[in-house]
Amino acid sequence: MTAFTTDDAGVPGPDASNSGAMEQWLHSRAKVRESRGLVRRAAPLPTGRVLDLASNDYLGLSRDPRLTSAAIAAVLRHGSGSRASPVVCGMLAVHAELENALCQLTGAETALPFSSGYLANLGVLTALGGPGTLLVLDAHVHASLHDAARLSRSPVVIVPHGDVEAVRAALAARMVPRAVVVVESLYSVLGDAAELTVLAEACAAHDAWLLVDEAHGIGVAGGGRGAVHAAGLAAAPHVVLTVTLSKALGSQGGAVLGPPELREHLVNSARPFIFDTALAPAPAASAAEAARIILAEPALAARLHVSAARLAGMAGITGSPGAVQSIPMASAEQAVSVAGQLRDAGMLVGCFRPPSVPDGVSRLRLTARADLSPSQLDDAARLLRHVLPAPGRSPLSGALPATNPSLEGKQL
């Protein structure tokens with residue numbers, strides 16, 4: 001067996017005589033994660049009374065009896081699974097109902113469900129991409145979009161976060177016939193919003209499409225109808241949306257929304273649609289019901305923003321336009337420590353560390369929900385005052401870097 005001394009990060013591994021190369025590599029990677037404070041656990045939720053400020057159930061709909069009743073009815077009608085790929089026999093009446101509800105909510109012409117938001121992003125970019133399509137990605141878009149860009153075999157440019165001029169420059173310099181600009185409507189790291197109107201204008205001027213991931217915008221922005229609808233771009237022929245059904249819609253799955261010709265292309269070209277079993281009936285039905293509720297009850301989104309503003313005030317940060325309120329930490333170790341203290345006290349918050357954060361800054365993430373009561377917000381305020389650094393003792397000195405310098409302006 002080949003002798004072994006260090007892994008690719010320079011961390012010593014075990015003696016090669018005691019284990020194989022793969023075991024040595026796995027051990028060395030575990031040591032790297034531990035030394036850098038990057039160990040993650042997929043642990044069960046603590047028992048007892050827990051204040052949840054970590055989940056993405058922005059409108060509190062995941063336990064709404066209207067959604068659970070819709071899911072039960074769909075199971076009784078269609079069964080527990082969709083049985084096959086959508087192009088074999090997996091598309092059911094409940095999927096058509098979901099498509100219609102999503103179009104009514106967002107104003108898009110057509111919708112196509114996927115079994116997750118991750119797969120919706122993979123499906124649309126790999127189907128639109130290829131050697132003749134330039135993909136221009138904001139550095140802070142979700143990992144699924146970066147993965148999709150790599151899989152697409154397209155030329156890819158990563159531009160600095162929120163830099164519209166860099167987008168224009170990339171489009172003007174392109175050497176291929178087609179281009180797609182990829183952004184999020186509301187970003188999950190800093191919680192800031194994309195300049196959708198300006199970006200759509202830049203895309204139109206350069207004969208490019210704009211793909212907007214509304215994962216954190218649907219149910220939140222524009223009275224719940226999303227940031228694209230609020231910007232008046234819902235029916236724009238060069239604007240495409242992806243949504244997840246697992247956040248504000250309180251269910252599971254994803255969808256791509258856009259013009260009819262895009263839907264037809266995806267049905268025939270999107271591998272995560274063609275070769276995956278269709279979204280199960282229960283989440284399809286509950287997501288459709290959630291879309292109808294959000295459209296009928298804009299007060300839900302309004303209550304979410306009240307909670308978000310209060311959480312930001314408690315944390316002493318400038319509030320973001322969405323549900324996510326981001327608190328920078330001095331290090332990954334400090335983020336883990338503070339999140340652990342809050343968990344022990346009965347409050348769950350998001351703890352994000354590299355590589356999950358594109359700017360390399362570890363942070364806590366407080367997620368507002370429309371169903372947080374005044375007493376729950378009071379409890380949150382008390383715990384945050386106890387655990388977070390006092391005013392004037394910021395956990396992070398200096399300005400936040402805008403993006404990961406290793407990604408900006410680079411081609412993948």
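Here are some worked exercises on the structure above.

This is a predicted model, so local features need pLDDT of at least 70, side-chain atom pairs count only at pLDDT 80 or more, and totals for chains, interfaces and linings use all residues. Residues are numbered from 1 along each chain as its sequence is written, and side-chain values use heavy atoms, with hydrogens and water left out.

**Exercise 1: the overall picture**

Find how many helices and strands the protein chain has.

Step 1. Helices (H or I, at least four residues) and strands (E, at least two) are DSSP runs, numbered from the N terminus.
Step 2. The protein chain comes to 15 helices and 11 strands.
Step 3. Of its 412 residues, 53% count as buried. Buried means under 20% relative accessible area, exposed means over 50%, and partly exposed is in between (1.4 Å probe, protein chains only).

**Exercise 2: H7 against H8**

Work out how helix H7 and helix H8 are oriented to each other.

Step 1. Two packed helices are described by the angle between their axes and the distance between the axes. Axes are lines fitted to C-alpha atoms, for helices over the stretch in contact, and angles run from 0 to 180 degrees between N-to-C directions.
Step 2. H7 (residues 164–172) and H8 (residues 196–205) pack at about 10 degrees, with axes 10 Å apart.
Step 3. Angles under 35 degrees count as roughly parallel, over 145 as roughly antiparallel, 65 to 115 as roughly perpendicular and the rest as oblique. H7 and H8 are therefore roughly parallel to each other.
Step 4. Now list who meets whom: Val164, Val167, Arg168 and Leu171 in H7 meet Val198, Leu199, Ala202 and Cys203 in H8. Contact means heavy atoms within 4.5 Å.
Step 5. Sorted by class, the contact of H7 with H8 has 7 nonpolar residues, no polar ones and 1 charged. Here Ala, Val, Leu, Ile, Met, Phe, Trp, Tyr, Cys and Pro count as nonpolar, Asp, Glu, Lys and Arg as charged, and the others, Gly among them, as polar.

**Exercise 3: H2 against H12**

Step 1. On the H2 side the contact includes Ala70, Ala71 and Ala74, and on the H12 side it includes Ala282, Ala285 and Ile293.
Step 2. By class, the contact of H2 with H12 has 10 nonpolar, 2 polar and 2 charged residues.

**Exercise 4: Ala335**

Decide whether Ala335 is buried or exposed, and find its contacts.

Step 1. Ala335 sits in helix H14 (residues 332–344).
Step 2. Its relative accessibility is 0%, so Ala335 counts as buried.
Step 3. Leaving aside neighbours within four places in sequence, Ala335 is in contact with Met329, Cys351, Ser362, Arg363 and Leu364.
Step 4. Take Ser362: it is 27 residues from Ala335 in sequence, yet 6.4 Å away in space, C-alpha to C-alpha.

**Exercise 5: loop residues**

Look at what stands out at Arg83, Asp207 and Pro355.

Step 1. Arg83, in the loop between H2 and helix H3 (86–90), has a positive phi of about 80 degrees although it is not a glycine. Arg83 is exposed, at 62% relative accessible area.
Step 2. Asp207 lies in the loop between H8 and strand E6 (209–213), and its phi is positive too, near 55 degrees.
Step 3. Pro355 is joined to Pro354 by a cis peptide bond, with omega about 10 degrees.
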